[in-house]
Amino acid sequence: MTGARRIKGGKHHYSGGYYIWTVVKYFSLVFFSFLSILPIVSCVITAFKTEEEYQSTNVMIPPKSWLYFGNFTSAFNKAGMGRAFINSAIVVVCVLIISILIGSQLAYVLNRFKFHGNAFIRNLFTVAALLPGIAMQVATYKIMMTLHFINTLYGYVVMMCGTDVISIYIFIQFYENLPVSLDESAIIDGASYFKVYWSILLPLLKPAITTVCILKGVGVYNEYYCAQLYLQKPELATISKSLYTFTGPLGSKYNLICAGVIISLLPALILFIACQKQIYNGIAAGAVKG
């Protein structure tokens, strides 16, 4: 058998197929890791180049000086990234709080209460997940315009809090692993359904909340299409929209764009380093559920 291992005299003997498969496996890991790192390395190199260096050198040639920070200051000031960071932070925090509360409560109702239409509602969420968001933008834009939500930060927050099917199913999956006896014991002691949800079940959903925050938070922070469509005023620009300040019909300033990309990654990187223990614990706990 290819890749078989035999033991003779207490020693392991491997066939030729085993070594070939090992070489192919590690070569593919190194190759695809290189492909993943290459754009990041190119972005960092470009961010430290002057305009003249960028125009006259290859993107993989290191800059003459790694202490040139002119692109970072220009990108931060000209793109208004300070205000964009504030807008993005407001949107992400509000969306996460509202989505977690609504998603966990809706999952609580769908999982703990059996009623006519329960399965139908779940199937509707599945259908909604299959519909491409861009195909519904005409109707969504009309609704936003009727409600006067265009060019308002709160309107954008409401729209981004729309039905998050993945988050709801994550919460449902975690509820299914929490015994119903917890609810019954609390109800016998006189707790209301909301008390059961708020004081007993919600604290046990920390792994699910961590997973949802990662998925939803990254998606909202990087979202560009809806921000460009519904936040047309410069003072309402989010961080993803501000990076397109240096693109235009006459060309793009990629040295400034790369510098802006690195600046936009710093908050997420700092947050990840500060909270990596909680993030890893949440992901690990979510992996063993079910």
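A residue is called buried when its relative accessible area is under 20%. In this predicted model, Leu 236 has a relative accessible area of 12% and is therefore buried. Leu 236 belongs to the loop that runs between H12 and helix H13 (239–242). Setting aside residues up to four places away in sequence, Leu 236 touches Asn 87, Asn 151, Thr 152, Leu 153 and Leu 231.

The C-alpha atoms of Leu 236 and Asn 87 are separated by 6.7 Å, although the two residues are 149 residues apart along the chain. Beyond its neighbours within four places in sequence, Asn 87 is in contact with Leu 153, Glu 235, Leu 236 and Ala 237.

## Overall composition

The protein contains 15 helices and 2 strands. Of its 290 residues, 35% are buried. Among contacts with a separation of 6 or more, 65% involve residues 24 or more positions apart.

In soluble globular proteins, nonpolar side chains tend to be buried together. Here the largest nonpolar core has 38 residues, and those with the most contacts inside it are Ala 47, Phe 72, Met 81, Val 91, Val 95, Tyr 156 and Met 159. Two or more residues each are given to this core by helix H1 (16–47), helix H3 (70–78), helix H4 (81–112), helix H7 (153–160), H11, helix H12 (225–230) and helix H14 (254–274). H4 provides the largest share, 7 residues.

Val 95 is in contact with Val 157, Met 160, Cys 161, Lys 216 and Val 220, leaving aside its neighbours within four places in sequence. There is also a second, separate core of 22 residues, which includes Tyr 108, Val 196, Ile 209 and Val 212.

## Helix H3 and the residue after it

Within H3, the buried residues are Gly 70, Asn 71, Phe 72 and Ala 75. Phe 72 is also listed among the residues with the most contacts inside the largest core. Following H3 is Gly 80, which has a positive phi near 60°.

## Packing of H8 against H11

Two packed helices are described by the angle between their axes and the distance between the axes. For helix H8 (residues 165–176) and helix H11 (residues 206–222), the angle is about 165° and the axes are 10 Å apart. H8 is therefore roughly antiparallel to H11, and the crossing of these two helices is right-handed.

On the H8 side, the contact is formed by Ile 166, Ser 167, Ile 170, Phe 171 and Phe 174, which meet Pro 207, Ala 208, Ile 209, Thr 211, Val 212 and Leu 215 in H11. By class, this contact of H8 with H11 comprises 9 nonpolar, 2 polar and no charged residues. Ile 209 and Val 212, both on the H11 side, are included in the second core.

## Packing of H10 against H11

H11 also packs with helix H10 (residues 193–204), at an angle of about 65° and with the axes 5 Å apart. Leu 202, Pro 203 and Leu 204 in H10 meet Lys 206, Pro 207 and Ile 209 in H11. This contact has 5 nonpolar, no polar and 1 charged residues. Pro 207 and Ile 209 of H11 meet residues of H10 as well as residues of H8.

Note on methods: Residues are numbered from 1 along each chain as its sequence is written. This is a predicted model: local features need pLDDT of at least 70, side-chain atom pairs count only at pLDDT 80 or more; totals for chains, interfaces and linings use all residues. Side-chain values use heavy atoms; hydrogens and water are left out. Axes are lines fitted to C-alpha atoms, for helices over the stretch in contact, and angles run from 0 to 180 degrees between N-to-C directions. Helices (H or I, at least four residues) and strands (E, at least two) are DSSP runs, numbered from the N terminus. Angles under 35 degrees count as roughly parallel, over 145 as roughly antiparallel, 65 to 115 as roughly perpendicular and the rest as oblique. A crossing is left-handed if the near helix is turned anticlockwise from the far one by less than a right angle, and right-handed if clockwise. Contact means heavy atoms within 4.5 Å. Ala, Val, Leu, Ile, Met, Phe, Trp, Tyr, Cys and Pro count as nonpolar, Asp, Glu, Lys and Arg as charged, and the others, Gly among them, as polar. A nonpolar core is a set of buried Ala, Val, Leu, Ile, Met, Phe, Trp, Tyr and Cys residues joined through side-chain atoms within 4.5 Å. Buried means under 20% relative accessible area, exposed over 50%, partly exposed in between (1.4 Å probe, protein chains only).
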